Amino acid sequence: MAREVYPDREFIKFSQSYVLVRVFQDTDPQGNRLARRYGIDGFPTLILLDSSGREVDRILGFRSAEELMEDIKSAFRSDGRITL
């Protein structure tokens, strides 16, 4: 996803409405700790948190830029706390 999705112009524009943090389990200092904390056992795993840090949804596996944007929008619409 780092090569196919994140550089996509539409995804870049879309992502400006969110705070995105990318963590690699094997290379980031807190990677293993965060993977254990959130029970991540497959990659890629995207965890969507609301502004209070509560998990709203998880997205497992590769998505195209278009699919990922729709999944993120859907997760926050169904939560009822954030609408864009």
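How many aromatic pairs does a search of the whole structure find? The search finds four, where rings of Phe, Tyr and Trp (its six-membered ring) pair if their centres lie within 6.5 Å, with planes under 30 degrees apart counted as stacked, over 60 as edge-to-face and the rest as tilted. In Phe-14 and Tyr-18, the ring centres are 5.1 Å apart and the planes are at 40°, so this pair is tilted. Ring pairs join Tyr-6, Phe-11, Phe-14, Tyr-18 and Phe-76 into a cluster. Phe-14 is buried at 14% relative accessibility, and Tyr-18 is buried at 17%; buried means under 20% relative accessible area, exposed over 50%, and partly exposed in between (1.4 Å probe, protein chains only).

The structure is a predicted model, in which local features need pLDDT of at least 70, side-chain atom pairs count only at pLDDT 80 or more, and totals for chains, interfaces and linings use all residues. Residues are numbered from 1 along each chain as its sequence is written, and side-chain values use heavy atoms, with hydrogens and water left out.

Beyond its neighbours within four places in sequence, Leu-68 is in contact (heavy atoms within 4.5 Å) with Met-1, Val-5, Tyr-6, Phe-11, Leu-46, Ile-59 and Arg-63.

With 38% relative accessibility, Val-23 counts as partly exposed. Apart from its neighbours within four places in sequence, Val-23 contacts Asp-28, Gly-31 and Leu-34. The C-alpha atoms of Val-23 and Arg-9, 14 residues apart along the chain, are separated by 21 Å.
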